Amino acid sequence: MRFSQSVAVVTGAGSGIGKATAQRLSDEGASVLLVGRTKAKLKEAAAEINARHTRPVADIFPADVTDEEDVRELAMYVKEKYQDLHILINNAGGSRSSKLLDTSEDDWDMVQHVNLKSVFLVSKHLGKVMVEGASREIGDLVNRAIVNVASLSGHQAGAVIPHYSSAKAGVISLTKSLALELAPAGIRVNSVSPGFIETPLTENGLQNEKFVKSIQRNTVLERVGKAEEISNVISFAASSEASYMTGTDILVDGGWLIK
């Protein structure tokens, strides 16, 4: 069990990649705290996870991770309940479609905040909890890792998602900066960039047959990915198996960029 006796926080954990990752981490021994804005989704996800175990391993904390006060309260909750934090998955995100010349300032700010500002705020406050935990250790450091969920769009800009593409490129760059800063504490920081994945956020688009065929035509593996396939890679990056990897982005796009 790669995450036995580990405490993990997953943002955007109510559905999709976040939920699949929380489930994977818990299946491998972690106590997981599911964070998101919608309490009902979090409760449902936590109940599904706990049903897989003989004792409760999943807890929830409703919060808007673009709001610093909410994130401060999250950090306080983690310190009070768990006294430590080993794994942080920054997965919260979202997008809207518009050309740059038609994008409103409000839409630009919203997409930047949910995808990039959230990573900054959560990493800032929960990163301090992780550093404090590392400073109390004697002898060999335990595995501690942050994994930020970026996107294929951070590598290849989308025509109608300029705000999302730039935010995800920012996540990849911020990951490298954070990796440099936290390395002395023994905390690794990497990002994972999914391609086109079947989640509730992409559900409407994937009902468009032309869009799906376009993905199949332009992806080497000729299909849309599943949330569980991304959670597998996130879990690897968070585990001690990736102990010599930090400041790296792992592209999981089915071969989109090489075609």
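**Entry 1: Arg223 and its partner**

I looked up Arg223 and found it partly exposed, with a relative accessible area of 38%. I apply these classes throughout: buried is under 20% relative accessible area, exposed is over 50%, and partly exposed lies in between, with a 1.4 Å probe and protein chains only. The side chain of Arg223 meets that of Glu229 in a salt bridge, at 2.7 Å from N to O. I use the term salt bridge for a side-chain nitrogen of Lys or Arg within 4 Å of a carboxyl oxygen of Asp or Glu. Glu229 is partly exposed, at 31% relative accessibility. I also noted one network, in which salt bridges that share partners join Arg2, Arg24, Glu28 and Glu241.

I record here that this is a predicted model, in which local features need pLDDT of at least 70 and side-chain atom pairs count only at pLDDT 80 or more, while totals for chains, interfaces and linings use all residues. Residues are numbered from 1 along each chain as its sequence is written, and side-chain values use heavy atoms, with hydrogens and water left out.

**Entry 2: Further salt bridges**

Helices (H or I, at least four residues) and strands (E, at least two) are DSSP runs, numbered from the N terminus. Arg52 is partly exposed at 46%, and Asp27 is partly exposed at 28%.

I then turned to Glu137 and Arg144, whose side chains meet in a salt bridge of 2.5 Å, N to O. Is Arg144 buried or exposed? I found Arg144 to be buried, at 1% relative accessibility.

**Entry 3: Asn148**

I placed Asn148 in strand E5 (residues 144-149). Asn148 is buried, at 0% relative accessibility. Which side chain does a polar contact of 2.8 Å join to that of Asn148? The partner is Asn90. A polar contact is a pair of N or O atoms within 3.5 Å; within protein, one must be able to donate a hydrogen and the other to accept it, and residues adjacent in sequence count only if both atoms are side-chain atoms. Leaving aside neighbours within four places in sequence, I listed the residues in contact with Asn148 (heavy atoms within 4.5 Å). Among them are Val119, Ser123, Val171, Thr175 and Val189.

**Entry 4: Aromatic pairs**

I counted 3 aromatic pairs. The rule takes rings of Phe, Tyr and Trp (its six-membered ring) with centres within 6.5 Å; planes under 30 degrees apart count as stacked, over 60 as edge-to-face and the rest as tilted. Phe61 and Tyr77 form a tilted pair, 5.1 Å centre to centre with 45° between the planes. Phe61 lies in strand E3 and Tyr77 in helix H3 (residues 68-82), so this pair ties together parts that are 16 residues apart in sequence. Phe61 is buried at 13%, whereas Tyr77 is partly exposed at 24%.

Phe196 and Phe211 form an edge-to-face pair, 5.9 Å centre to centre with 80° between the planes. Phe196 lies in the loop between strand E6 (187-194) and strand E7 (197-198) and Phe211 lies in helix H6, so the pair ties together parts that are 15 residues apart in sequence. Phe196 is partly exposed at 30%, and Phe211 is partly exposed at 32%. I noted that ring pairs link Phe196, Phe211 and Trp256 into a cluster.

**Entry 5: The loop between H6 and E8**

I located Leu221 in the loop between helix H6 (209-218) and strand E8 (225-226). Leu221 is exposed, with a relative accessible area of 52%. Glu222 is in the loop between H6 and E8, and Glu222 is exposed at 52%. Glu222 has a positive phi of about 60° although it is not a glycine. Most residues other than glycine have a negative phi.

**Entry 6: Gln83**

I found that Gln83 has a positive phi of about 65° and is not a glycine. Gln83 sits in the loop between H3 and strand E4 (87-90). Gln83 is partly exposed, with a relative accessible area of 49%.
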